[in-house]
Amino acid sequence: MLENKKQDRTSLEQLGEFGLIEHLTQHFPLHHESTLTGIGDDAAVLYHKNRTVISTDLLVEGVHFDLSYMPLKHLGYKAVTVNLSDLYAMNAMATQITVSLAVSNRFPLEALEELYAGIAQAAKTFKIDLVGGDTTSSKTGMLISITAIGEAQEQHIVHRSGAKPNDLLVVSGDLGGAYMGLQVLEREKEVFKVNPNSQPDLEPYSYIVERQLKPEARKDIVELLKALEVKPTAMIDISDGLSSEIMHLCKESKVGCNLFEDKIPLDPTVIAACEEFDMDSTLVALSGGEDYELLFTIDHADFPKIKGNPNLSVIGHMADSGEGAHLVTRGNAKIPLTAQGWSSFQAS
């Protein structure tokens, strides 16, 4: 579909492992003084003056991404940003990444150049340094493992466990777009199987398709909260769906929650796509996942600082643990929240 069968093909064997790493990482400038030694030695040498924050993710072809509609450049960018999102969810700033890659012999050098072009774009956008990694062969397609490293002053780090009853529940951006973008791409994939000559018109779905293929980690929200002098009491990023992440906050903070259905931010294109696919937009926001927005709680006293901010929506409040976690519907009914987010271990 999006793979050019006639592209130039340079076998990875022609470069060898070390030649491949040197070739792919030659255009990564360093941004941080904390990177003392990057690529080129046996290990990277870093010096962080503050607390070091680390997160890692493994992305597996056929489980986390489908190359029939995921361009390799977008995949490289997304693989980095989903890791950075975890650091921003700790109220930290990302500084370095390592990238490890396993690929089968169906991938030529030119394909990996595309992948690394996306990684380089993410490194430039978020001002992070590539300081190491590994490449090896795979018999099962492509696997990408990225470790993100960042730092934060101890007093600025936010955990999932700090929410208190009556804290406000706040989310950045809007929800459900990535999941609906995936529905569009999966539909077009099936159409393509039936008619390989068909050319999908994705223009009406550009926003939600981009939310799936090229999500943005919300570094800007961390910077915004700092500028507003608001420190969240608890925070998490939305990778597995809103309901699942709320349940994580409730469990770690030992509190309950009331989420208001009419406060969940939905883009008009998401609502339209839900109608087209005959899906409930609230359920999509609750369980869709991959939005990579930040979900956090703040003290009631900080509400005036965020009130009216177009980047943030107050969607509920925390409660005593005995109350449990509930969705308050538009009809004012209270429904227990269940964590039905996406799982890579779910049965197919």
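A salt bridge here is a side-chain nitrogen of Lys or Arg within 4 Å of a carboxyl oxygen of Asp or Glu. By that criterion Lys 78 and Glu 290 are paired, with 3.0 Å between the closest N and O atoms. The model is predicted, and it holds 16 salt bridges.

**Salt bridges**

- Lys 78 is buried, because its relative accessible area is 5%, under the 20% limit for that class.
- Lys 193 also forms a salt bridge, with Glu 190, and the closest N and O atoms of this pair are 3.3 Å apart.
- Both Lys 193 and Glu 190 belong to helix H4 (residues 177–194), where they are three residues apart, about one turn of the helix.
- An α-helix has 3.6 residues a turn, so residues three or four places apart point the same way.
- Lys 193 counts as exposed because its relative accessibility is 53%, whereas Glu 190, at 40%, is partly exposed.
- Asp 302 and Lys 305 meet through their side chains in a salt bridge with an N to O distance of 3.2 Å.
- In that pair Asp 302 is buried, with a relative accessible area of 13%, while Lys 305 is partly exposed at 36%.

**Packing of H2 against H3**

- Helix H2 (residues 72–88) packs on helix H3 (residues 109–126) at an angle of about 35°, and their axes are 6 Å apart.
- From the H2 side, the contact is made by Leu 72, Lys 73, Leu 75, Gly 76, Tyr 77, Val 80, Thr 81, Leu 84 and Tyr 88.
- From the H3 side, the residues in contact include Ala 111, Glu 114, Leu 115, Ala 117, Gly 118, Ile 119 and Phe 126.
- The crossing of H2 past H3 is right-handed.

- Pro 215 sits in the loop between helix H5 (206–213) and helix H6 (219–227).
- With a relative accessible area of 3%, Pro 215 is buried.
- Beyond its neighbours within four places in sequence, Pro 215 is in contact with Tyr 77, Lys 78, Thr 81, Glu 210 and Tyr 292.
- Two of these partners, Tyr 77 and Thr 81, are also among the H2 residues that make the contact with H3.
- The C-alpha atoms of Pro 215 and Glu 61 are separated by 18 Å, and the two residues are 154 apart along the chain.

**Helix H6**

- The buried residues in H6 include Lys 219, Ile 221, Val 222, Leu 224 and Leu 225.
- Among the elements covering the buried residues of H6 are H2, H3 and E10, together with strand E4 (93–103), strand E7 (168–172) and strand E11 (312–319).
- Glu 229 follows H6 and has a positive phi, near 60°.

**Surface patch**

- A nonpolar patch on the surface is formed by Leu 36, Val 45 and Tyr 47, which together have about 310 Å² of accessible area.
- Leu 36 is part of strand E1 (residues 35–37).
- Leu 36 counts as exposed because its relative accessibility is 53%, and the class begins over 50%.

Note on methods:
Residues numbered from 1 in each chain as written. Predicted model: local features only at pLDDT ≥ 70, side-chain atom pairs only at ≥ 80, totals over all residues. Heavy atoms only, no water. Patch = residues over 30% accessible without salt bridge, like charges linked within 9 Å, V, L, I, M, F, W, Y side chains within 5 Å. Areas by Shrake-Rupley, 256 points an atom, 1.4 Å probe, with all protein chains shown as cover. Helix = DSSP H or I, 4+ residues; strand = E, 2+ residues; numbered from the N terminus. Buried < 20%, exposed > 50% of the residue type's maximum accessible area, 1.4 Å probe, protein only. Axes fitted to C-alpha atoms, helices over the stretch in contact; angles between N-to-C directions. Left-handed = near helix turned anticlockwise from the far one by under 90°. Contact = heavy atoms within 4.5 Å.
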